[in-house]
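Here are my notes on the model, in the order I went through them. Have the structure open while you read.

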Amino acid sequence: METKASYLQKLAAQLQEWDTELDQLKLKADQAKADAKTEIEAQITELRARKDAAMLKFNQLQEASDEAWEEIKAGAEKSWTELKGAFKSAFAKFSK
């Protein structure tokens, strides 16, 4: 079973990776033509909002007592999985 500390460390690394990916998307937007730029920037805005929501879950996990963190972790897992899918989808779409 994964410890709270190792789980939080894994999530923190994922958040940093997503920040890097958002920076890469921003570079693509800056280099894109007007119509594509608008679409990429809209995707970036959505991803940032979803990442911010994941960050709130991360903060809740950090602050949770050892007894409560497993329960909070279940909700965080769902958000994390959805966000991972959104990032994958965005990169697949815009890396062409």
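1. Trp 80 comes out at 6%, so it belongs with the buried residues. Bear in mind throughout that this is a predicted model.

2. On to the helices. H1 covers residues 4–31 and H3 covers 69–94, while H2 runs over residues 34–63.

3. Which residues of H2 are buried? They are Ile 40, Gln 43, Ile 44, Leu 47, Lys 51, Ala 54, Phe 58 and Leu 61. You'll spot Gln 43 and Lys 51 in that list. As for what covers the buried residues of H2, helices H1 and H3 are included.

4. Setting aside neighbours within four places in sequence, what does Leu 25 touch? Its contacts are Ile 40, Ile 44, Leu 47, Ala 90, Phe 91 and Phe 94. Of these, Ile 40, Ile 44 and Leu 47 are also among the buried residues of H2.

5. Next, the rings. How many aromatic pairs does a search of the whole structure find? The search turns up two. In one of them, Trp 18 and Trp 80 are tilted, at 5.4 Å centre to centre with 45 degrees between the planes. This pair links distant parts of the chain, as Trp 18 is in helix H1 and Trp 80 in helix H3, 62 residues apart.

6. Trp 18 also pairs with Phe 87: the ring centres are 5.2 Å apart and the planes are at 10 degrees, so this pair counts as stacked. Again distant parts of the chain are linked, with Trp 18 in helix H1 and Phe 87 in helix H3, 69 residues apart. Trp 18 and Phe 87 are both buried, and Trp 18 has a relative accessible area of 2%. Taken together, the ring pairs join Trp 18, Trp 80 and Phe 87 into a cluster.

7. Two other side chains deserve a look. Gln 14, in helix H1, has 13% relative accessibility and therefore counts as buried. Leaving out neighbours within four places in sequence, Gln 14 is in contact with Trp 80 and Lys 84. Separately, Lys 73 lies over the face of Tyr 7, at 4.6 Å from the ring centre.

8. Then the charges, with a count of six salt bridges. Glu 39 and Lys 93 form one of them, their closest N and O atoms being 2.5 Å apart. That pair links distant parts of the chain: Glu 39 is in helix H2 and Lys 93 in helix H3, 54 residues apart. Glu 39 is partly exposed at 37%, and Lys 93 is partly exposed at 43%.

9. Within helix H1, Asp 30 and Lys 26 are four residues apart, so about one helical turn separates them. They form a salt bridge with the closest N and O atoms 3.1 Å apart. Asp 30 is partly exposed at 43% relative accessibility, and Lys 26 is partly exposed at 34%. Lys 26 and Asp 30 also belong to a salt-bridge network with Glu 41.

10. Lastly, Lys 78 and Glu 82 form a salt bridge, their closest N and O atoms being 3.0 Å apart. Both lie in helix H3, four residues apart, or about one turn of the helix. Is Lys 78 buried or exposed? Its relative accessible area is 53%, so Lys 78 is exposed, whereas Glu 82 is partly exposed at 40%.

Methods:
Residues are numbered from 1 along each chain as its sequence is written. This is a predicted model: local features need pLDDT of at least 70, side-chain atom pairs count only at pLDDT 80 or more; totals for chains, interfaces and linings use all residues. Side-chain values use heavy atoms; hydrogens and water are left out. Helices (H or I, at least four residues) and strands (E, at least two) are DSSP runs, numbered from the N terminus. The expected span of a helix is 1.5 Å times one less than its number of residues. Buried means under 20% relative accessible area, exposed over 50%, partly exposed in between (1.4 Å probe, protein chains only). Contact means heavy atoms within 4.5 Å. Rings of Phe, Tyr and Trp (its six-membered ring) pair if their centres lie within 6.5 Å; planes under 30 degrees apart count as stacked, over 60 as edge-to-face and the rest as tilted. A charge sits over a ring if NZ of Lys or CZ of Arg is within 6 Å of the ring centre and within 35 degrees of the ring normal. A salt bridge is a side-chain nitrogen of Lys or Arg within 4 Å of a carboxyl oxygen of Asp or Glu.
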